[in-house]
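Please open the structure in your viewer and keep the selection tool at hand.

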Amino acid sequence: MRYLMTTKATDSVPDEKLFAEMATFVEELTAAGVLLATGGLEAGGVRVTSWGDEITVTDGPFAEAKEAVAGFALVEVRSKEEAIELTRRFRKIVGDGESVIQQVFGP
Amino acid sequence: MEGVRRTIDAVWRMESAKIVATLTGMLGDVGLAEELAQDALVSALEQWPESGVPDNPGAWLTAVAKRRAVDHIRRSERLERKHEQIAYELGQRPEDADRDDVLRLMFLSCHPVLPTEARVALTLRLLGGLTAAEIARAFLVGEQVIVQRIAGAKRTLAEERVPFELPDGAELAERLSSVLGVIYLIFNEGYSATSGDDLMRPELCLEALRLGRLLAELAPREAEVHGLVALMELQASRSAARTGPSGEPVQLHEQNRGRWDQLLVRRGFTAMLRAREAGGPPGPYLLQAVIAVCHAQARTAADTDWPRIASLYEALSRLLPTPVVRLNHAVALGMAYGPEAGLAVADALTADAALRDYHLLPSVRGDLLLRLGRREEARREFRRAASLTRNVAERAFLSHRADEITAPDAPALTLGQAARDFLDRAGLDAATVRSYGQTLRRLRLSLGDELPAASLTADQVALVFRTAWGEAAAKTWNRHRSALRSFCAWASLDDLAAGLDRRAESRTRTESIDPALLDELWDLPGISLRERTLWRLLHESAARVTAVLSLNVEDLDLDDRRARAGGTWVTWRSGTAALLPRLVAGRARGPLFLADRRPGPARRPAAADLCPETGRGRLSYERAEYLFKRATKPLDPAGDGYTLRRLKPRD
């Protein structure tokens, strides 16, 4: 089963140690055949809203930047607990903040 | 509490391969390594619910397991050398030693000394961290079967002193191909479940994919590894599209390509590029992956580059000349150059004994015949394919395809009906019905139940006979031949046995096993006490197999080394005498040779064939013969294994 882990933005600036630890972590997950895709997301982005017949396109940044998703990882695991365990390891590396895991259905 | 338990399970699955691999490196014994690793798991199950899950659960498990291994080494006898080993283990191991250990563990689990099914079970157990129960469920066998299979595999590895190392040079290619073979076998069992209700068992596919991806990271320079990964990623990308709403199979050219998993497709392409970078001449997995790439690149079924796929299959059939590859070649030819071209190759395969019961052959022929407008023949082939598959969803699909083709107006007497009527006649005794039934069953499976009996030709029948019994003993051949003649006479058919010569039955006695091989036989590893005793006794007594199997404990005269059986004496010598007391093991009555388990209520044998103490039945001739054949396969130059009768020494 697949899970998408998304991580919210924080104010802290990542240092070199964090980068190195993350690189090792990503390499390990890739080697274990678990990590299918991962990436960081630009702050803000473009918002497209539809209301009735009308489509509105708004450029960011937006007020609620704190709630915005800053990165994601798509993992293939055998249980929800495995996904939680991976996220636990990830959170230990990046420090304070919040990640959300959701099962992915389809395609 | 339950949550902790699930967390432990998850951590164990993620870490067990690494832990077992590291411990095997320290101890040199995979059985012991797994035992100690399991001890660490038990500690976690005991402690974590109280103390909470530690910060780094994987490291916790590894540390506890390593400590157990070190304790074990300290306790064992040769202290000095072992201490060096510990020092080496704990101090000077290079950084990537752990990764290499996992790779070593893969080579060990897939070692060629093990039978294929043991390699599969051991790999899922040690590398996948699956429990015996989970493996048993995936392969639809009893848990005990898997437990024994794994225990037997560990024993064989220990007895054969298989080293825990990375093969190199000439050995590498053979060993690697064994690892790849095991992974692909696991994948295929998941992808095209050979039996059961579901067409797919996704957890097995996922497990194989994980193992393949892991291997690709551990052995990045091997093109075939990336080829296999590419092949599996691409095949897995079609999982969702290859079954319809009610679980029926959807063929490749009819699949909704929008449901192909583009993420896996891209991963397949990436693996393909890595295979190309690794270089070397393309191996069988790489070629199959290239074929899968061709399919994945076609936007619609009509865009498929069939001429290229046909030529790839031709190249593949040179490397891997299996009937299944040739059958796929036939399909590709049929798509590229028209049904006649495909049918020519498919028809040639009907004479291949390996494909005798392979449902895809009649299914492919049915397709090609239908495209040629030969509807009635196509319908019969689909019907026959349905009768051959063990997979429920596939059977329903094939029956449906047959039903779609309207039947001819006047139903003639079909082969299936004629055979049933023939066997249902009054006055046939059970043995004859069974014997005739075997012959007719083969004809029905090979030619199809729907074939009008009157249209049978001597050529068709001769082909079935040659494919099925061409290699069989003359006696067997003649028995089937006379059954056929009897059927023809009853059904007023032409003499269909015209093309079949009666074969001379040689009266030579069964040839004994070469005495030089017997010593090897007595020393075969992993043979149970029951088998060892039976074989020795058959050899030393020169008695008939049925007489020896009929022996009861109360008939034995251990001191005089003889027993009364069916009006004769069975006598033995020291080899048997050394084993018998252990086999009897305090029993006073009942069959000497017992079956492995108690009979089910429906197949309860006569009281004389039941052990009053254990409730188990008498060992059957079929089972004893099967076990002997299987065990002697490696000894037999012909690779078939021997029959029990051949234990009787030369006069």
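**First stop: two neighbouring helices of chain B**

Select B:Arg379, B:Phe382, B:Arg383, B:Ala385 and B:Ala386 in α18(B), and then B:Arg395, B:Leu398, B:Ser399, B:Arg401, B:Ala402 and B:Asp403 in α19(B): these two sets meet, where contact means heavy atoms within 4.5 Å. The residues of this contact divide into five nonpolar, one polar and five charged; Ala, Val, Leu, Ile, Met, Phe, Trp, Tyr, Cys and Pro count as nonpolar, Asp, Glu, Lys and Arg as charged, and the others, Gly among them, as polar.

The model is predicted, so local features need pLDDT of at least 70 and side-chain atom pairs count only at pLDDT 80 or more, whereas totals for chains, interfaces and linings use all residues. Residues are numbered from 1 along each chain as its sequence is written, chains are lettered from A and ligands numbered from 1 in the order in which they are written, and side-chain values use heavy atoms, with hydrogens and water left out.

Now display the whole of α18(B) and of helix α19 (residues 392-404) of chain B. Their axes come within 8 Å and cross at roughly 165 degrees. Axes are lines fitted to C-alpha atoms, for helices over the stretch in contact, and angles run from 0 to 180 degrees between N-to-C directions. The angle makes α18(B) roughly antiparallel to α19(B), a term for angles over 145 degrees. The crossing of α18(B) and α19(B) is left-handed, that is, the near helix is turned anticlockwise from the far one by less than a right angle; it is right-handed if clockwise.

**Second stop: a second pair of helices**

Select residues 458-469 (helix α22) and residues 474-490 (helix α23) of chain B; these helices pack at an angle of about 150 degrees, with their axes 11 Å apart. That makes α22(B) roughly antiparallel to α23(B). Their crossing is right-handed. In α22(B), the contact is made by B:Val461, B:Phe465, B:Arg466 and B:Trp469, and in α23(B) by B:Thr476, B:Trp477, B:His480, B:Arg481 and B:Leu484. Five of these contact residues are nonpolar, two polar and two charged.

Select residues 430-447 of chain B. This helix, α21, has 18 residues and reaches 25 Å from its first C-alpha to its last, close to the 26 Å expected at 1.5 Å a residue; the expected span is 1.5 Å times one less than the number of residues. Among its buried residues are B:Tyr436, B:Leu440 and B:Leu443. Buried means under 20% relative accessible area, with a 1.4 Å probe and protein chains only. Which helices do the buried residues of α21(B) pack against? They pack against α18 (375-388), α20 (415-424), α22 and α23 of chain B. Next comes B:Gly448, which follows α21(B) and has a positive phi, near 100 degrees.

B:His329 is found in helix α15 (residues 323-337) of chain B. Is this residue buried or exposed? At 12% relative accessibility, B:His329 counts as buried. Leaving out residues up to four places away in sequence, B:His329 touches B:Ala310, B:Tyr313 and B:Glu314.

**Last stop: the whole of chain B**

Of the 651 residues of chain B, 48% count as buried.

Terms used
Helix = DSSP H or I, 4+ residues; strand = E, 2+ residues; numbered from the N terminus. Parallel < 35°, antiparallel > 145°, perpendicular 65-115°, else oblique. Buried < 20%, exposed > 50% of the residue type's maximum accessible area, 1.4 Å probe, protein only.
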